[in-house]
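Student: I would like to learn how to read a fold from a coordinate file, feature by feature. Could we take one example and work through it together?

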Amino acid sequence: MKNCIFCEINRHNIPSFIIDENEYAIAILPKDMECFWHTLIIPKKHFENIFDIDDEYLQNFILFMKSLSIKYKHGLWATWINLLNANGKDAQQSIPHLHFHLIPRFPNDAMDVWPKFEKYNWDHKTDLNKIKNLII
Ligand SMILES: [Zn+2]
């Protein structure tokens, strides 16, 4: 897609810090890292978000993320991994090209990457039935 920074990175038209890539995905270190070895994982083909990626492509993309996560765990001694993602404007997606943030985790890294929410006191029976009726 024109004017998409991630598509330009995928075409190697913009210099970037490429960690790994295959025909489905590329992993880069962002110019401004949010934390130690924060990595962006981007599909090679332009999909705006999880809602418009086709299933077969998604499977190959997820396998790339899994492979990179294993490499970080074994090669970089990350003990665990966070994979963060946003889909759409109201979900605070910053760039309209599907991407995930891989956050390598280490013992005692003192990071809390989990979003802070207002507690929602839900009615276990009513809410469960409402949601199930709406989505199934
Ligand atoms: Zn794009």
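This is a predicted model: local features need pLDDT of at least 70, side-chain atom pairs count only at pLDDT 80 or more; totals for chains, interfaces and linings use all residues.

Student: Which elements does the protein chain have, and in what order do they run from the N terminus on?

Tutor: The protein chain has three helices and five strands, and from the N terminus on these run α-β-β-β-α-β-β-α. Its C-alpha atoms fill a box of roughly 50 × 40 × 25 Å along the principal axes, and 19% of the 136 residues count as buried.

Student: How should I read the sheet, and what is the order of its strands?

Tutor: In general, the strands of a sheet pair through backbone hydrogen bonds, either parallel or antiparallel. Here the five strands form an open sheet in the order β1-β2-β3-β5-β4, with antiparallel pairing. Strands β1 (17-21) and β4 (80-85) stand at the edges with a single partner strand each, so one side of each is left without a neighbour in the sheet. From one strand to the next, the twist averages 30 degrees.

Student: Which helix packs on the sheet?

Tutor: Helix α2 (residues 55-75) does, touching β1, β2, β3, β4 and β5, and its direction makes about 20 degrees with that of β5.

Student: Where do the partners of β3 stand, residue by residue?

Tutor: Strand β2 (residues 25-29) is joined to β3 by four bridges, running antiparallel, and Ala 27 stands opposite Ile 41. With strand β5 (residues 100-105), β3 pairs over three bridges, also in the antiparallel sense; there Ile 41 stands opposite Phe 100, and Thr 39 stands opposite Leu 102.

Student: Why is β3 described as largely enclosed by the rest of the structure?

Tutor: In a regular strand the side chains alternate between the two faces of the sheet. In β3 (residues 39-43), five of the five residues are buried, so this strand is largely enclosed by the rest of the structure. Both faces are covered, with Thr 39, Ile 41 and Pro 43 buried on one side and Leu 40 and Ile 42 buried on the other.

Technical notes
Residues are numbered from 1 along each chain as its sequence is written. Helices (H or I, at least four residues) and strands (E, at least two) are DSSP runs, numbered from the N terminus. A residue is buried if 20 or more other C-beta atoms lie within 10 Å of its own, exposed if 12 or fewer, and partly exposed in between; C-beta atoms are placed from the backbone. Two strands pair if DSSP finds at least two bridges between them. Axes are lines fitted to C-alpha atoms, for helices over the stretch in contact, and angles run from 0 to 180 degrees between N-to-C directions. Two residues are in contact if their C-beta atoms, placed from the backbone, lie within 7 Å.
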